[in-house]
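Please read them with the model open.

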Amino acid sequence: MKILLSLQRYEEAISYFDKALEIDQFETTILCNNSIAKLTVGDKESSLRLLKQAIDKDPTIREFAKYEKRFERLKDDLQFRILVYGNY
């Protein structure tokens, strides 16, 4: 699935990530990768929801999100800032 992201086959990756989450809804790697894929196709709301789920399961994901280049476009988004940095 991660290979599909690197190949920029985002819609296909999302489909596989969604299926994987039906099996294990607590897998933070899948939550994060699906969040990135959904953000890339312009679904910011779903991306933030998935990222929140990942952080709720593993708070260390905050550090990942702070430095992940693909989340760069959200750096000024209030919801992202509260979720990742705890402030605005």
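At what angle do the axes of helix α3 and helix α4 cross, and within what distance do they come? The points below start there. Note that this is a predicted model.

1. Helix α3 spans residues 28–40 and helix α4 residues 44–57. Their axes cross at roughly 160° and come within 8 Å. Angles over 145 degrees count as roughly antiparallel, so α3 is roughly antiparallel to α4. The crossing of α3 past α4 is left-handed.

2. Next, the residues behind that contact. From α3 come Thr 28, Leu 31, Cys 32, Asn 34, Ser 35, Lys 38 and Leu 39. From α4 come Lys 44, Ser 46, Ser 47, Leu 50, Leu 51, Gln 53, Ala 54 and Lys 57. The class make-up of the contact of α3 with α4 is six nonpolar, six polar and three charged residues.

3. Helix α2, residues 10–23, also packs with α3. The angle is about 150°, and the axes are 9 Å apart. Here again the crossing, of α2 past α3, is left-handed.

4. On the α2 side, that contact uses Tyr 10, Ile 14, Phe 17, Asp 18, Ala 20 and Leu 21. On the α3 side it uses Ile 30, Leu 31, Asn 33, Asn 34, Ala 37, Lys 38 and Thr 40. The contact of α2 with α3 counts eight nonpolar, three polar and two charged residues. Look at Leu 31, Asn 34 and Lys 38 of α3: they take part in the contact with α2 and also in the contact with α4.

5. How do α4 and α6 run relative to each other, parallel or antiparallel? Their axes cross at roughly 10° and come within 11 Å. The two helices are therefore roughly parallel.

6. In the α4 and α6 pair, Leu 48, Leu 51, Lys 52 and Ile 55 of α4 meet Gln 79, Phe 80, Leu 83 and Val 84 of α6. By class, this contact of α4 with α6 has six nonpolar residues, one polar and one charged.

7. Which residues of helix α6 (residues 78–85) are buried? They are Phe 80, Leu 83 and Val 84. These residues lie on the same side of α6, because the arc they cover around the axis is only 85°. The cover over the buried residues of α6 includes α4 and α5 (61–67).

Definitions and conventions: Residues numbered from 1 in each chain as written. Predicted model: local features only at pLDDT ≥ 70, side-chain atom pairs only at ≥ 80, totals over all residues. Heavy atoms only, no water. Axes fitted to C-alpha atoms, helices over the stretch in contact; angles between N-to-C directions. Helix = DSSP H or I, 4+ residues; strand = E, 2+ residues; numbered from the N terminus. Parallel < 35°, antiparallel > 145°, perpendicular 65-115°, else oblique. Left-handed = near helix turned anticlockwise from the far one by under 90°. Contact = heavy atoms within 4.5 Å. Nonpolar A, V, L, I, M, F, W, Y, C, P; charged D, E, K, R; others polar. Buried < 20%, exposed > 50% of the residue type's maximum accessible area, 1.4 Å probe, protein only. Arc of directions from axis to C-beta.
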